[in-house]
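Let's take a walk through this one together. Have the sequence and the 3D view open side by side, and we'll go from the overall picture down to a few helix contacts.

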Amino acid sequence: MLRSWQTSLQSWVDAGLIDPATAERIRAFEDKHVQRWPALFAWGLGGLMLSAGVLLFVAAHWDELSPAVRFSLVLLLVAAFHVAGGITARAYEVLATVFHAVGTVALGAGIFLAAQIFHLQEHWPGGLLLWALGAWLAAWVRRDWVQAALAAVLTPAWLASEWMARTERLRGGEGVLAEGLLLLAIAYLTAYTAEKASAFRYTLEALGAVALIPGVVLVAVAASQGFDVEPDWGAVPAGWKIVGWTLAFALPLGTAFLLRGRAAWMNLGAAVWVAVLGAFSWRGTYRELVLYLWCLVGSLGLMAWSIHEERRRRLHLGLLTLFITAVLLLAWAERYDKALAYLGCALGSAALVGWGIRAPLKEAINVGVGLFALTVGFFYFSTVMDKLSRSASLIGFGLLFLIGGWLLERTRRRLIARLEAGGR
């Protein structure tokens, strides 16, 4: 069962595991931590605006500056923020973290600007490598989760750029890159566990959550990319493919093992799911259907994984992917006039509501009710509306929204109220 920390805290007090005074101290600590977020947001946004303003100022006057002045500005841009971070470290550690993070971001700009100043025609992914090394060095010196997060982003960016540079104008390498990035996103998404909790792991989880849906889309598109390449493009050599596929699966799984230990065996199941997703390279009417059904399997797997490890935020992401996939499935059914798909979506919505009542989980009830409403709307629009006159169809559509929406909202509120009453 997934519960908030407030509910768990009260249940511990009721069970006599902790005394009320300790519970109040915990609440006070958490409230104080939450109250820091406005300052953190202001400092983070201020750091972004400051770095962007400096970069825009330099770019606006770039052509007017001599190479010596340009290089001096690049060095000053990198050093000034780190010096500011060192000065503010004792009094305001969070502000120092922001300054050092902006300094590391400025390092990347400095690397590529220095290459432009001196007209260095080198291998461009090397700049990302230097940037990633700078982030790792800063993370080692600072022991800072922000620097480690930057390194966790820049390192795969460098590897991806190396693969892109070597397979430019070659067909057959898109899937390697897409599947490797998706597997790494899943490794990051599952980095935070109850046994291994830290700010760095929380940040990795957020990065994985942001990259998951685009990663799935990228793999699905890459699976059929071979049909759309230029006819004069050659194929990626077999040796490169072997190395690429090995690294695409070994590096994310190795990262998952470092982050999760023995629990990384579940990432092996995710790797199988990703490999099957990348195999949908055939064409046909039912390709999209099979693809969407496989994505539904992945969404349900992510939800089960989240429940097993009691990660509520990850469960919300699973519900989001389930909702998006169901909408795509409804759009496919409307396009190809497949009435059976509407029945499947309606039954799935009812099952989701039933599971939300049993779990208990009100988010599942909300998503299930919303999906049922969309299913009815798609069915009416594709099957009923074209059989009526224009005025009758619009009147029916309006009544469906008004009366159906009222009934669904009334039902949803009753289910949530029953759920909350049962929780008490």
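Start with the big picture: the protein has 16 helices and 2 strands. Keep in mind that what you're looking at is a predicted model. Of its 424 residues, 38% are buried. As for how the chain meets itself, take the contacts with a separation of 6 or more: 66% of them link residues 24 or more positions apart.

Now zoom in on a helix pair. Two packed helices are described by the angle between their axes and the distance between the axes. For helix α7 (residues 145–166) and α8, the angle is about 170° and the axes lie 11 Å apart. Anything over 145 degrees counts as roughly antiparallel, so that's the label for α7 and α8. On the α7 side, the contact uses Ala152, Pro156, Ala160, Trp163 and Met164, while α8 brings Val176, Leu177, Leu184 and Tyr188. Sort those residues by type and you get 9 nonpolar, no polar and no charged.

Val176 deserves a stop of its own. You'll find Val176 in helix α8, which covers residues 174–189. Is Val176 buried or exposed? Its relative accessibility is 4%, so Val176 counts as buried. Who's around it? Setting aside neighbours within four places in sequence, Val176 touches Trp163, Gly244, Trp245 and Ala248. Trp163 you've already met as part of the α7 side of the helix contact. Ala248 sits 72 residues away from Val176 in sequence, yet their C-alpha atoms are 6.2 Å apart in space.

The crossing is right-handed. From α10, the contact takes in Phe249, Leu253, Ala256 and Arg260; from α11, it takes in Met266, Asn267, Leu268, Ala271 and Ala275. By type, the residues of this contact come out as 7 nonpolar, 1 polar and 1 charged.

Finish with helix α13, residues 312–336. With 25 residues, α13 spans 36 Å from first C-alpha to last, close to the 36 Å expected at 1.5 Å a residue.

Terms used
Residues are numbered from 1 along each chain as its sequence is written. This is a predicted model: local features need pLDDT of at least 70, side-chain atom pairs count only at pLDDT 80 or more; totals for chains, interfaces and linings use all residues. Side-chain values use heavy atoms; hydrogens and water are left out. A crossing is left-handed if the near helix is turned anticlockwise from the far one by less than a right angle, and right-handed if clockwise. Helices (H or I, at least four residues) and strands (E, at least two) are DSSP runs, numbered from the N terminus. Contact means heavy atoms within 4.5 Å. Ala, Val, Leu, Ile, Met, Phe, Trp, Tyr, Cys and Pro count as nonpolar, Asp, Glu, Lys and Arg as charged, and the others, Gly among them, as polar. The expected span of a helix is 1.5 Å times one less than its number of residues. Buried means under 20% relative accessible area, exposed over 50%, partly exposed in between (1.4 Å probe, protein chains only). Axes are lines fitted to C-alpha atoms, for helices over the stretch in contact, and angles run from 0 to 180 degrees between N-to-C directions. Angles under 35 degrees count as roughly parallel, over 145 as roughly antiparallel, 65 to 115 as roughly perpendicular and the rest as oblique.
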